[in-house]
Amino acid sequence: MAAAALHLELVFSRPETTLAVTRGAARLLVDMGYAPLLEVCLPNGRRADVMALGPKGDIVICEVKSGIDDYRVDRKWQEYGPFCDAFYFAVAPEFPDGVLPGEPGLIVADGFGGAVVRDAPSTPLAPARRKALTLAFARLGALRAMRE
């Protein structure tokens, strides 16, 4: 096989950054009155990094991006919209400006907390879907609590 025909793309994981941003985004959501769960499987088979239930029953999903490579390789984020009222990217403070699309909300977070830099557009869920997601969210939270 010719060297020109072989193309490998290396993606470097940044688990420390991912963990810190996830923790900070979850803490921010708690401060905003939400109850977050981490790594929630959605009905379409995707996994939300952070999914949170608000005091009025609204559902927020945050997709954590540890760096530019993580964003460029992962295009599944567009499949989260049908399962939340608002969608945010959550990134570290050193994440460069202008890389992420302008429509989703944006949270900048570290291991201690975060800030909403750009509000997410609100797209209310259909009542039947909201009920199904809320029930699944509650069951998941209760089952996780039993394991602790």
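Buried here means under 20% relative accessible area. Keep that cut-off in mind for this predicted model.

Select tyrosine 71. Its relative accessible area is 7%, so tyrosine 71 is buried.

Look at the two rings together. The centres of tyrosine 71 and phenylalanine 89 are 5.8 Å apart and the planes meet at 85°, so this is an edge-to-face pair. Tyrosine 71 sits in helix 2 and phenylalanine 89 in strand 4, so the pair ties together parts 18 residues apart in sequence.

Across the whole structure, a search finds five aromatic pairs.

Next, show arginine 75. It lies over the face of tyrosine 71, 4.6 Å from the ring centre.

Step to aspartate 74, in the loop between helix 2 (68-73) and strand 4 (86-91). Buried or exposed? Aspartate 74 has a relative accessible area of 12%, so it is buried. Beyond its neighbours within four places in sequence, aspartate 74 contacts Glu63 and Lys65.

Move to the largest nonpolar core, of 22 residues. Residues with the most contacts inside it include Phe87, Phe89 and Leu100. Strand 1 (35-41), strand 2 (47-53), strand 3 (59-65), strand 4 and helix 3 (127-147) each supply at least two residues of this core. Apart from it lies another core, of 17 residues, with Tyr34, Val60, Ala86 and Ala90 among them.

Finish on leucine 100. Not counting residues up to four places away in sequence, leucine 100 touches Tyr71, Phe89, Val91, Phe95 and Leu106.

Methods
Residues numbered from 1 in each chain as written. Predicted model: local features only at pLDDT ≥ 70, side-chain atom pairs only at ≥ 80, totals over all residues. Heavy atoms only, no water. Helix = DSSP H or I, 4+ residues; strand = E, 2+ residues; numbered from the N terminus. Buried < 20%, exposed > 50% of the residue type's maximum accessible area, 1.4 Å probe, protein only. Contact = heavy atoms within 4.5 Å. Core = buried A, V, L, I, M, F, W, Y, C linked by side-chain atoms within 4.5 Å. Phe/Tyr/Trp six-rings, centres within 6.5 Å; stacked < 30°, edge-to-face > 60°. Lys NZ or Arg CZ within 6 Å of the ring centre and 35° of its normal.
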